[in-house]
Amino acid sequence: MLPNSELTTSGWWIGRELGDGRRAEASLTRNELIELWVKASPSPKPNVKHFAEDLAKWTSELGTRAWVEELTVPEAARRMRQGTNQTAIGVEIWDMVCGIAAAYGDPFARCSADVVQNVRKERPRNLPRAMASAIRKYEDGPPRTAARNAMIGSEACGAVVSSRGHADRFVADAEPFKNAIVASAVRAYSGRLVDYLDRIADVSEQEDLEILSAAIERMTDEYGEPDIADRLPTVEEIEFADARLHWYLDQTGIAATDSEIPLVQGSNLYTTSDVVGEGWRRARRNLVRLHIDEVELTDDLVVRVYKSNLNRATQDLQRKVFKSARQSTSPEAQQESDHASSSVHSIGVSLGYRGVLMRLLFDRAHAYVSKSLIESNHPWGGAFDGPWPCWEREIVLDILASDAQALSDGSVSEIAEFVDRGAARAMVRHLFDIHKPTNTLAPTPDKSITLVLQLLQGSLAMAIGDDDVIGSDGIELVGHKAVGQTWAQKSAAVLQDLRKHRRGWTELTEMNR
C-alpha cells in the first residue's frame, strides 16, 4: 500500500517549503527529497528524525540492488545511493525514485524506526539522573542500525532487499517478521548497556549497578543474549580494514591531503584536513564493524562507505562551526564565556577548549580520582598519616571540577591538551608555591607536582575508551595531526599515550597497595 497517493504524483515536491525557507524546484537533491517526503508523509509515523535517517539509509541500500535498477533506470538507482547532496535535474527520474520510496523505502523505514518505541519500554528505571542520561543515547541509533541489518541479512526478519519478491512479501505483511526485528534491536541495546556497565563498574554505587544488571538480565531472558558485535576489534581486523580503506585513499590521492584551509571561511575551528581525517575515522570504524560482521569489503562498498562518511563528516563539522558561532555571539553566551574564562584562569591553566566535546569525560575522571585509594598506594613508601585527603588528590579534583563548571553543556577540553604536561606542570608548581601544603603525599615538591600530573593524566586516560578515539567523536579527542602524519598514525599515537597513562594510573592506585 502506498504511503500517500499525493507522494506518487509526478513532481509533487515542486513548490514545497524546505527547512532553510527555500521553495523546492523541479531540480533538487536526494536529501531534500527525503526531507519533504518525511514532512508530507501521513501520520501516524515514527519520530521525524529517526524516520528521515532510516529512509535515507534504506534509499541508499535499495539503490545498490540490481532488481531496483531493473525496475527503474541506472540513473535513478545512482541518485538513490550517490551524490545525495548534489542537485540533479529530471522530474521523470525523481518520480522513479519516489516510486521506489513509496513501494519499499517508506515501509522499511517506518519498521526500522519504530523499534525505538519498543526499546524505550525496556529502559532501566530508578537510576540516577546522570546515569539515565548517559544510557539514553543507546536507545535509538544502535537499535535502529541492528533492525536495518537484521531486515537486510536475516530471513527471519524478511531479508527485505534480497529480491523484489522478498521486498513485496514484507510490504504485503510485515507482522510475521516484527518480533524478530524488535528482538534484534533490543539485543543491540542490551549489548550497549553491557559495555556501559563494564565501564562504570569501578566508579558507581552497587545499588545502581544491580539495577542495570537486572535490566540486562531481564532483556536477555526475553530477547536473547546481548549483541556484542560492537566489541573492540582485534589488531588483525583493524589492519585489514585499514588496508582496504588505504587502497581507495591512495588511488584517489586523498591520503596526501594536508590542507589547513578553514572549513568555513572566518572560523579556525576546523580545517579541510580535519574533515578528511574525520571522514577517514568514521569510514574506518564502519569498515571494521562490517568486517567483524563478516561482510565482504568489496571495492564498491569501500568507496561508498568512505564517500558517505566524508559527506556526513563535512556536514557535522559545519554544523558545529555554525553552532559555536551562534553561541559565542549571543549575550548570554558571552556572559557565560566571560565567567568560564575567569574560572579557568583563576587556577592558572589555559587548556584551549573546543566547544563541542564530551563533558562526561570530566565527570568520569573526577569519579576515578574520588573513589581510588591514592593515599595508601603511592610509590614512595610510607603513607600520609593525617585526617584529610592528600594535597595532590585535592588539587586534581579541583582542576577537574573547575574545568567542568567552566564549560557549557556538551563540551570538554581537547585530550591532547590534557596529556601534554608543559602548561599543566607550570600551573601545578604555581599552586604549590601559593598553598605551601603540609599534607602532601610525596616527600618533595617536585615529586608532589609529578604525582598531580600522573593522577590528572591517568584519570583522564581511564575515562576515555579506545573506541572513543576511533568512534564518531574521534576528531574531538585526537585533534590536529602533524604535517606529513597520517590519521592512522595520529590516532595510534593518541592510543599509545592513553595506554601509557592508564598503566601509570594502575601503578599508583592498585599495584602499590
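Axes are lines fitted to C-alpha atoms, for helices over the stretch in contact, and angles between them run from 0 to 180 degrees between N-to-C directions. The structure described here is a predicted model.

**Packing of H5 and H9**

Helix H5 spans residues 91-120 and helix H9 spans residues 175-200. The two helices pack with their axes 9 Å apart, at an angle of about 60°. Angles from 65 to 115 degrees count as roughly perpendicular and those under 35 degrees as roughly parallel; H5 and H9 are therefore oblique to each other. Their crossing is right-handed. On the H5 side, the contact is made by Cys111, Val115, Asn118 and Val119, while H9 contributes Ile181, Val182, Ala185, Val186 and Tyr189. Sorted by class, this contact holds 8 nonpolar residues and 1 polar residue, with no charged residues.

**Ser112 within H5**

Helix H5 also holds Ser112. Buried means under 20% relative accessible area, so Ser112, at 0% relative accessibility, counts as buried. The side chain of Ser112 takes part in the polar contacts listed below.

| Side chain | Partner | Distance |
|---|---|---|
| Ser112 | Trp58, side chain | 3.1 Å |

When neighbours within four places in sequence are left aside, the residues in contact with Ser112 are Asp54, Trp58, Arg144, Ala147, Arg148 and Met151.

Note on methods:
Residues are numbered from 1 along each chain as its sequence is written. This is a predicted model: local features need pLDDT of at least 70, side-chain atom pairs count only at pLDDT 80 or more; totals for chains, interfaces and linings use all residues. Side-chain values use heavy atoms; hydrogens and water are left out. Helices (H or I, at least four residues) and strands (E, at least two) are DSSP runs, numbered from the N terminus. Angles under 35 degrees count as roughly parallel, over 145 as roughly antiparallel, 65 to 115 as roughly perpendicular and the rest as oblique. A crossing is left-handed if the near helix is turned anticlockwise from the far one by less than a right angle, and right-handed if clockwise. Contact means heavy atoms within 4.5 Å. Ala, Val, Leu, Ile, Met, Phe, Trp, Tyr, Cys and Pro count as nonpolar, Asp, Glu, Lys and Arg as charged, and the others, Gly among them, as polar. Buried means under 20% relative accessible area, exposed over 50%, partly exposed in between (1.4 Å probe, protein chains only). A polar contact is a pair of N or O atoms within 3.5 Å; within protein, one must be able to donate a hydrogen and the other to accept it, and residues adjacent in sequence count only if both atoms are side-chain atoms.
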